[in-house]
2 protein chains.
Amino acid sequence: MPKASPQSNNASPTDEPASQNEAVQEWELSVIETFVHAAQLIGVPKSVGQIYGLLYCRENPLPMDHIMDALGISKGSASMGLKTLRQIGAVKTVFVIGDRRDHYSPELRLRKLVSGFISDQVQPHLDSGGERLKHMESLLEELPGDRRKFAEQRIQSLGSWHGKMTTILPILRKLL
Amino acid sequence: MPKASPQSNNASPTDEPASQNEAVQEWELSVIETFVHAAQLIGVPKSVGQIYGLLYCRENPLPMDHIMDALGISKGSASMGLKTLRQIGAVKTVFVIGDRRDHYSPELRLRKLVSGFISDQVQPHLDSGGERLKHMESLLEELPGDRRKFAEQRIQSLGSWHGKMTTILPILRKLL
DNA sequence: AAAAAAGTTCAAGTTTTCTTGAACTTTAGG
DNA sequence: CCTAAAGTTCAAGAAAACTTGAACTTTTTT
């Protein structure tokens, strides 16, 4: 049992509170838990949800070592989690004078979060789907006439789904 | 190597085509692959995507054993995959006269698919999130005054996200 | 009723994904 | 420059998720 996990401990104020004394409060635990659930829903690692959740609860930007200590996660996890969060635009780096460490603050605008997630995780799938559609159409040429009509219908229907998703995403980005 | 998987074989027409001779054609492979990707995006098992993809390509409802043979998956996987698909309303059971087996046909309307997925996989998360929000509000009472104001702000913001998602989902269900 | 077909369930095995820790790179100060 | 702090990377280990296969339940046929 190397370190108490914020998910499982009871947040008593004197629980070996990590190097910088960044004990996690009970309401924060609850927020973090919420983001861990959300992370699982959208298919990103738990640690990413934890990190974002922690930052969301803090008024000031935190450096990576505070995050590691508060959540009891490794340097590697923290680094990769922050990388993911930066990639989707869910955190930004803040420079603090007189401190070499990068500090991180969360993006608080839902629209930005959704937008970043869509560009990074959804759009690529839609694009590769478009490629596959073209490929399918080329394969249709070689089909016997009777089965071909049916296959054409289905692939056309797939195409219309693709189109709908393509129009919906930009709307979603603005709607939130 | 028990059976050739539709994902990895080259679909040559005489590849040990399964008991009922339900060889999977090349365009079908491509469609199935598309649904497997989609499945991964929305966080359901690969086999679920495979099964739906196969049904999507066939004009007539298929019984479970055809599905197993065509995809080279086990009875257990097929049964559980179909269960999931029924649950989200992505397939329906069709009774064929003179055949004891259940046959399955795919739901083809995007709106129904999205709607079923949302009710089954997203709504529960939103609901439990609502619960956690209430819990957080109760925890706030016990906070020292200075930190409390900030915590209240954040939790209120979380609440507004929750509200936005709650209003967006029904819109999405209709928009597609 | 017995037997067989269809379908479900679940423990065990497999595969995939996430986390860790140590080595490595980079940057800042002395 | 040299040293140390900060951060990244990645191979190996741990954990989670999926699949399998066999036992079990239900339903139908003889």
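**Aromatic rings between two chains**

Okay, let's start with an arginine: B:Arg154 lies over the face of A:Tyr56, and it is 5.6 Å from the ring centre. Keep in mind that this is a predicted model. There's also A:Arg154, whose charged end sits over the ring of B:Tyr56, 5.5 Å from its centre.

Now, what else is around A:Tyr56? That ring belongs to an aromatic cluster, together with A:Phe35, A:Tyr52 and B:Trp161.

Next, aromatic pairs. Over all chains, the count comes to 10 of them. Let me walk you through one: A:Trp161 and B:Tyr56 have ring centres 5.5 Å apart and planes at 65 degrees, and since over 60 counts as edge-to-face, that's what we call this pair. Where do the two partners sit? A:Trp161 is in helix 6 of chain A, residues 145–175, while B:Tyr56 is in helix 2 of chain B, residues 46–57, so this pair crosses between chains. And are they buried or exposed? Both A:Trp161 and B:Tyr56 are buried.

B:Tyr56 also pairs with B:Phe35. Here the centres are 5.2 Å apart and the planes are at 55 degrees, so the pair is tilted. B:Phe35 lies in helix 1 of chain B, residues 26–42, and B:Tyr56 in helix 2 of chain B, so the pair ties together parts that are 21 residues apart in sequence.

How buried are these two?

Notes. Residues are numbered from 1 along each chain as its sequence is written. Chains are lettered from A and ligands numbered from 1 in the order in which they are written. This is a predicted model: local features need pLDDT of at least 70, side-chain atom pairs count only at pLDDT 80 or more; totals for chains, interfaces and linings use all residues. Side-chain values use heavy atoms; hydrogens and water are left out. Rings of Phe, Tyr and Trp (its six-membered ring) pair if their centres lie within 6.5 Å; planes under 30 degrees apart count as stacked, over 60 as edge-to-face and the rest as tilted. Helices (H or I, at least four residues) and strands (E, at least two) are DSSP runs, numbered from the N terminus. Buried means under 20% relative accessible area, exposed over 50%, partly exposed in between (1.4 Å probe, protein chains only). A charge sits over a ring if NZ of Lys or CZ of Arg is within 6 Å of the ring centre and within 35 degrees of the ring normal.
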